[in-house]
Amino acid sequence: MPIEMQQDLTALLEKHFGFRTFRPLQEEIVQTVLRKEHCLVVMPTGSGKSLCFQVPALCQSGLTLVISPLIALMKDQVDGLRANGVQAAFLNSSQSMSEQEAVKAEIRSGSVPLLYIAPERLAAAGFREFLAEANVSLLAIDEAHCISEWGHEFRPDYRNLRGLRSAFPSIPCIALTATATPKVQADIREQLMLPEARLFLSSFNRPNLLYHVYPKNQSFERLLLILRSPQRLPAIVYCFSRRDTEMLAEDLKAEGLTALPYHAGLDAQTRRETQEKFMRDQVSVITATIAFGMGIDKPDVRTVVHMDLPKNIEGYYQETGRAGRDGLPSDCVLFFSYGDKFKQDYFIDQMENPDLQSVARGQLEKMLDYGQLRTCRRNFLLSYFGERPAEKTCNGCDRCLQRGETFDATEITQKILSAVLRTGERFGAAHICDVLLGKNKERIRSFHHDQLSVFGSVQEFDDRQLREIIAELLDNDFLLKASGQYPTLSLTEKGRKAIIERQKVELRKPEVTPHVAERGVEQNELPYDAALFEELRVLRRQIAEQQGVAAFVIFGDRSLREMATFFPQRPEAFAQIYGVSDRKLEQFGQRFLAIIQSFAAVHNLQERAMSASPPYAAPRQRKSKILRQDSTYQETRTLIECKRSLTDIARERNLKEGTIIQHIEELIMAGMPLDIDYLRPEAAIFDPIAAMFRSCSGEALAPVFQALEGKYTYDTVRLTRIFLLRDRDITQI
Ligand code: ADP
Ligand code: MG
Ligand code: ZN
């Protein structure tokens, strides 16, 4: 390949999409398309298939015709392209006649190189004649598996493509799909008459997805635990029935989350609005039947949950694939109960075609295997799709992460069970945790639970971990939870026996934090400033609403995270950010820059240099820990933001004051904008300490502490030093 062409393509990518490099296979595919060869592209969801036909459309003459199955998807894609300054259009039944005519006129004039259509359009009268005039130079068939009955999303309209292929046999064709089974691939080739198409098959591994299976009892509590963590949103929660989606959405709303149901039984208008709200980040959880998703191309979905057993691995993989298209860590959770098999059996029994019926049974068996697996879930999925995994363990599924990760829970089990018993088996998990952690709460005092010997007896676990251990005790039948309005805990027979006989208990270790960042893909986590990120998100939502487009059309999460990491304050620096094309710089640059500038001014932040090569240079371990939203640092930060005293915070958090001071120091040194002036020691204390630091010329604590001859505590000296370091009154070594 000529070197200039290579450079040109990369320049094109940067200019129009704001990306610095091609992803694996993309460039090769683009080259092949430009050589006018047919291609069959089989790559997982999120791997960037669209670019494989969008880039050629930009650098060759003639029209690229894109067949795409759903109307909603089409609009988002076209919006996304236009926001990048790429001329694109779509034709579908949502448009009025005159709108359609206007689009056709544009196409005939040759000013628009990309046209998206739905497959049913191919059968419309006069459409083929229109194409004949349009000078089509590439046919791109997205979601090509829809043509196969063996796939799980067969769409009869896709069969119209055969006619199109016969009418224009010499136009190069690129078929793209994320369905990897060889049978479906062969069928696509046959149906589309592409026997000689060059195959591009990439690994189906999605390293940024974490796979988890939980037992189905307690599923709602677990779900809440997951969704309460802001960085696990937005989320899609798949349910079995339409009714389930509606009830679950209600329950989630009652818990203060923004949730909406989505299923095929809702009218088109409601469905469209729901999708739009999700795309524009106005609602953070969608509870859905599998009808939801085909039309959704939201790149920043952080969690996909299945409340019930999916029919087959293909569907499951596709649905979980909707998480983390942007490559950032995301979670896939399945709530599993063997009993769910029978619900699916019912449908299989109704099937008329015995061949398809036996296929369905086999597929369901595999799904059951997945749920009951004792070994790596990722490897199971990959080998299902015919891949031979390179490693035995993946470090990104519950099985690999929990290997041997149990702990001797005898002590904590005794404490929990006796707290439940001593409080009369009349309270829920939240109260039990408060008692064990010794929380200073009115409710506890009013029941005299602060008098119990178990009050404040737990130091080694925090609230969230305790909740997990309680969930484990429920899963393992030591505890029982009342159903209904008051989910009070009581002991089972097994629980009573355990407490009387002081049985040894082994439980699964609670996660240090339930977030995926703990699992070795840390390099993907930018140590971004969460407060600025939130401000940028608000601006993104406003612009998306004004323009009537999906939020990611403006900028993806990854772009915002980079902005909140590098604080670009000049257009040249802003242009370096991931996803900032020339057009976006021009259109949105000023508004985003204004926010970053004023944030930086208030918090005294400097622009940070972006390293040219890996956009995701591994952050220093220490920093990412500090900045991760659910870390212990963040809890301290929140309390500081509430202007609580050190003594108060230490008591609330059950930590030493010195530890809190250390947190503050780390937060400030990591550049976290935090108002700590109210903690400043009074001048009579501050000044002599400051003077001593200066005369000792350095930041080391011990010499200053000694020189002050014990007049001030170590903590006070350290606290004073934070101000000196922050205000650059002493230099860091
Ligand atoms: P697919 O169709 O394979 O599911 P998409 O084409 O929708 O994937 O792309 C998924 C995401 O990856 C999009 O947000 C897209 O902007 C992004 N992307 C694609 N190619 C690149 C690239 N070369 N560099 C960075 N991001 C990319
Ligand atoms: Mg796609
Ligand atoms: Zn694994």
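Biologist: In what order do the seven strands form the open sheet, and what makes two strands a pair?

Modeller: The order is β3-β4-β2-β5-β6-β1-β7, with parallel pairing. Strands are DSSP runs of E with at least two residues, helices runs of H or I with at least four, both numbered from the N terminus. Two strands pair if DSSP finds at least two bridges between them; β1 (residues 39-42) and β7 are joined by four bridges, so they meet that definition. The model is predicted: local features need pLDDT of at least 70 and side-chain atom pairs 80 or more, while totals for chains, interfaces and linings use all residues. Residues are numbered from 1 along each chain as written, chains are lettered from A and ligands numbered from 1 in written order, and side-chain values use heavy atoms, without hydrogens and water.

Biologist: Which residues of α31 are buried, and what makes a residue buried?

Modeller: Buried means under 20% relative accessible area and exposed over 50%, with partly exposed in between (1.4 Å probe, protein chains only). Phe-686, Ile-689, Ala-690 and Phe-693 of α31 are buried. They cover an arc of only 105 degrees around the axis, which puts them on the same side of α31; the arc is taken from the directions from helix axis to C-beta atoms. Exposed Ala-684 and Ser-695 are on the face turned away from that buried side.

Biologist: What do the buried residues of α31 pack against?

Modeller: They pack against α32 (701-707) and α33 (714-726), contact meaning heavy atoms within 4.5 Å.
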